[in-house]
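Okay, thanks everyone, I'll keep this short.

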Amino acid sequence: MVLASSEANLHLKVLNSEGDGVKNSEGLLALQILMNRPIQKMLLEVFPDLGSWFDFAAIGKISERGVAVLMEDDQAHPLGFVHARQEGIINGPEGKEKWLFSILAAAEKGKGVGGILVETLKKEIVSHGGKFLFARTDPSRTDTIAFYMKHGFEIDGVVGHYYYGPTPAVWMWCDLEKNV
Ligand SMILES: CC(C)(COP(=O)(O)OP(=O)(O)OC[C@H]1O[C@@H](n2cnc3c(N)ncnc32)[C@H](O)[C@@H]1OP(=O)(O)O)[C@@H](O)C(=O)NCCC(=O)NCCS
């Protein structure tokens, strides 16, 4: 939906999708993102086991509203990517107000990319009526947990057997009304 140039040499692309996929004027950008092999390569470098828990092509197919934010450099190399979606329309109004991260990754850690992606994502979700954003991660990712807490998330608890393995997941919650 929005194409914005932010800081020097950084470009942000924000994509919204709803229900029956990505629409009209956003279609081209959606296709660009879904067909973008460099993003997929970058995500695979960050998460070598990506194929077991993430389906890139599903971004354009899910029935919930979704938001993706991509950051690229001047040469269109992906620097970071985030996607989040509504919890589930089957849960009625609550399912539309609660959002979940699908994936978040920065090509190079600690350069501020993740922070820009998450803050952009939060604003976009609020503009679509989202009130709460949940993040989940492996408890061993202590840098990631600290990162989320810096961006307004609180730890809600640990859910056992959540990931394959079975590895537990730390669930974190952000009240978007107070943290955007
Ligand atoms: C979590 C992640 C997306 C955060 O993105 P990022 O671009 O590293 O985050 P930022 O640079 O905005 O912020 C990281 C903070 O840690 C600091 N930092 C310094 N060195 C760092 C390093 N080597 N690694 C991570 N953070 C570092 C940064 O200075 C910053 O702190 P500040 O905001 O107080 O300055 C990224 O680290 C990542 O891709 N991690 C692996 C995958 C992952 O855990 N994904 C998320 C959940 S499954």
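**Strands, a helix and some salt bridges**

Let me start with Glu72: this residue is buried, at a relative accessible area of 7%. Keep in mind that we're looking at a predicted model.

So what does the Glu72 side chain meet in a salt bridge? The partner is Lys13, at 3.3 Å, N to O. The two sit in distant parts of the chain, Glu72 in strand S3 and Lys13 in strand S2, 59 residues apart. Lys13 is buried as well, because its relative accessible area is 13% and the cut-off for buried is under 20%.

Now, the strand around Glu72.

What about the neighbours? S2, residues 11-17, runs antiparallel to S3, with 7 bridges joining them; Ser17 has Gly66 as its bridge partner in S3. S3 also pairs with S4, residues 78-86, again antiparallel and over 7 bridges. There, Val69 is partnered by Val82. S3 and S4 make a hairpin with 5 residues between them, and Ala76 in the turn has a positive phi of about 65°.

Okay, over to helix H2, residues 37-46. Its buried residues are Ile39, Met42 and Leu43. They span an arc of only 100° around the axis, so they end up on the same side of H2. The face turned away from that buried side carries exposed Arg37, Lys41 and Glu45. At the start of the helix, a side-chain oxygen of Asn36 comes to within 3.0 Å of the backbone nitrogen of Ile39.

Last one: Glu87 and Lys98 meet in a salt bridge at 3.6 Å, N to O. Glu87 is in the loop between S4 and helix H3, while Lys98 is in strand S5, so this pair ties together parts 11 residues apart in sequence. Glu87 counts as partly exposed at 34% relative accessibility, whereas Lys98, at 17%, counts as buried. Salt bridges with shared partners join Glu87, Glu94 and Lys98 into one network.

And how many salt bridges does the structure hold? The count is 8. That's me done, thanks.

How values were computed
Residues are numbered from 1 along each chain as its sequence is written. This is a predicted model: local features need pLDDT of at least 70, side-chain atom pairs count only at pLDDT 80 or more; totals for chains, interfaces and linings use all residues. Side-chain values use heavy atoms; hydrogens and water are left out. Two strands pair if DSSP finds at least two bridges between them. Helices (H or I, at least four residues) and strands (E, at least two) are DSSP runs, numbered from the N terminus. Buried means under 20% relative accessible area, exposed over 50%, partly exposed in between (1.4 Å probe, protein chains only). The arc is that of the directions from the helix axis to the C-beta atoms. A polar contact is a pair of N or O atoms within 3.5 Å; within protein, one must be able to donate a hydrogen and the other to accept it, and residues adjacent in sequence count only if both atoms are side-chain atoms. A salt bridge is a side-chain nitrogen of Lys or Arg within 4 Å of a carboxyl oxygen of Asp or Glu.
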